[in-house]
Amino acid sequence: MTNSISTRVAVLGSGPAGWTAAIYAARAGLGPVVIQGIQPGGQLTTTTDVENYPGFREVIQGPWLMEEMQAQAEHVGTQMMWDTIVEVDLSERPFRLKGDGGALYVCDTLVIATGAQAKWLGVPGEVELSGKGVSACATCDGFFYRGKKVAVIGGGNTAVEEALYLTNHSHDVTLIHRRDSFRAEKILQDRLFANPHVKVIWDSEVAEFVAGGETEALVGLDLRNRRTGEISRIEVEGAFVAIGHKPATELFEGKLELDEDGYIQVETGTTRTSVPGVFACGDVMDKVYRQAVTAAGTGCMAALDAEKYLAAQEYEAIAAE
Ligand code: NAP
């Protein structure tokens with residue numbers, strides 16, 4: 001027999017957006033069910049030190065913050081499911097979600113908080129040195145490299161913005177791009193070229209992230225010039241991979257409106273998607289800010305939008321009687 005769970009609010013994803021949506025929905029008496037997904041806790045579980053989440057004077061750990069959010073959500077009445085959704089039917093209400101073990105979730109509203117993943121280069125040293133010099137978020141980790149030599153890899157808006165941001169902490173920032181022109185907006189490029197603390201290495205890709213020193217942390221990058229094939233080493237203690245993100249929206253292709261990069265489109269100023277009753281929050285709908293605190297903020301918005309939607313449905317049902 002199929003295991004079937006019915007809820008007024010199903011939340012897909014368990015990063016800061018998902019847990020915040022659950023906390024608000026639970027406190028509104030909606031009995032939310034959070035389906036954790038493949039990477040419980042989301043991207044924060046792959047970061048270590050967090051220094052920019054408000055409310056904590058000391059440095060906190062990303063995985064710890066996620067455990068606290070989960071504990072708070074469960075404490076106020078959230079039901080948590082370890083499952084991965086493999087199929088969604090948004091064509092009629094209530095919506096139906098199928099878990100990979102065959103469980104069926106039936107929900108009046110759906111909050112999508114499945115997040116996004118940074119893309120990685122896939123070259124030697126990258127995985128081993130993650131958190132020991134290699135990062136995919138300058139806003140999160142740049143502060144730890146104050147006064148040190150750092151590099152950014154990429155040529156889009158994110159890479160240029162991250163290089164500029166890092167000049168707040170370091171006067172020796174190198175931007176490495178695989179071609180001889182950026183795809184970033186001109187205004188950002190103008191700012192970059194006017195900044196004396198950033199130099200650009202063109203036509204180059206990272207061949208290897210190099211470890212060294214007592215702690216076997218990042219000490220340099222081996223770069224391959226794509227025109228000459230020549231390999232050269234630059235010394236850096238921090239390297240930020242900024243080659244784009246991939247939102248986790250495969251399940252929703254053809255079912256919700258996505259933008260050209262695959263992010264869920266929402267009505268401006270809300271979390272409402274193209275299907276009434278389906279809401280999106282966090283990195284799956286935000287390619288600009290991508291912070292834990294902004295994800296939490298939109299998670300709150302999604303729960304409030306869902307609550308309002310359910311109240312309007314009930315009002316209509318009563319009026320129709
Ligand atoms: P993006 O525009 O897709 O740029 C990715 C960059 O990484 C490109 O320069 C690309 O090189 C490079 N790259 C990709 N794969 C690589 C690899 N394997 N090795 C080396 N380099 C690689 O990504 P994004 O900068 O994260 O921006 C994503 C979207 O968000 C864009 O639509 C962007 O406009 C938007 N965004 C907007 C803002 C803002 O409005 N302030 C800020 C951030 C992002 P090529 O150029 O050679 O392809």
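Close-up 1. A polar side-chain atom of R179 sits 2.6 Å from an oxygen atom of the ligand; a polar contact here is a pair of N or O atoms within 3.5 Å. R178 also takes part, with an N or O atom of its side chain 2.9 Å from a ligand oxygen. For D261, the gap between a side-chain N or O atom and an oxygen of the ligand is 3.2 Å. On its own the ligand would expose 910 Å², and the protein buries 75% of that (accessible areas by the Shrake-Rupley method with a 1.4 Å probe).

This is a predicted model, in which local features need pLDDT of at least 70 and side-chain atom pairs count only at pLDDT 80 or more, while totals for chains, interfaces and linings use all residues. Residues are numbered from 1 along each chain as its sequence is written, and side-chain values use heavy atoms, leaving out hydrogens and water.

**Close-up 2. The shell around the ligand.** Here you'll find 16 residues surrounding the ligand, the closest being T158, E161, R178, R179 and R183 (near means that a heavy atom of the residue lies within 4 Å). What classes do the residues of this shell divide into? They come out as two nonpolar, seven polar and seven charged. In this scheme Ala, Val, Leu, Ile, Met, Phe, Trp, Tyr, Cys and Pro are nonpolar, Asp, Glu, Lys and Arg are charged, and the others, Gly among them, are polar.

**Close-up 3. Helix 4 against helix 5.** Helix 4 (residues 157-166) packs with helix 5 (residues 186-194) at an angle of about 35 degrees, their axes 10 Å apart. Axes are lines fitted to C-alpha atoms over the stretch in contact, with angles from 0 to 180 degrees between N-to-C directions; helices are DSSP runs (H or I, at least four residues), as are strands (E, at least two), numbered from the N terminus. N157, V160, E161, A163 and L164 of helix 4 meet L188, Q189, R191 and L192 of helix 5, where contact means heavy atoms within 4.5 Å. By class, that makes five nonpolar, two polar and two charged residues.

**Close-up 4. Helix 1 against helix 6.** The axes of helix 1 (residues 16-27) and helix 6 (residues 292-320) come within 7 Å and cross at roughly 35 degrees.

**Close-up 5. Two loops to look at.** R93 and P94 are joined by a cis peptide bond, with omega about 0 degrees. P94 belongs to the loop between strand 6 (85-89) and strand 7 (95-99). In the loop between strand 13 (198-201) and strand 14 (204-212) you'll spot D203. Although D203 is not a glycine, its phi is positive, at about 50 degrees.

Notes. Polar contact = N/O pair within 3.5 Å; in protein donor to acceptor, adjacent residues only side chain to side chain.
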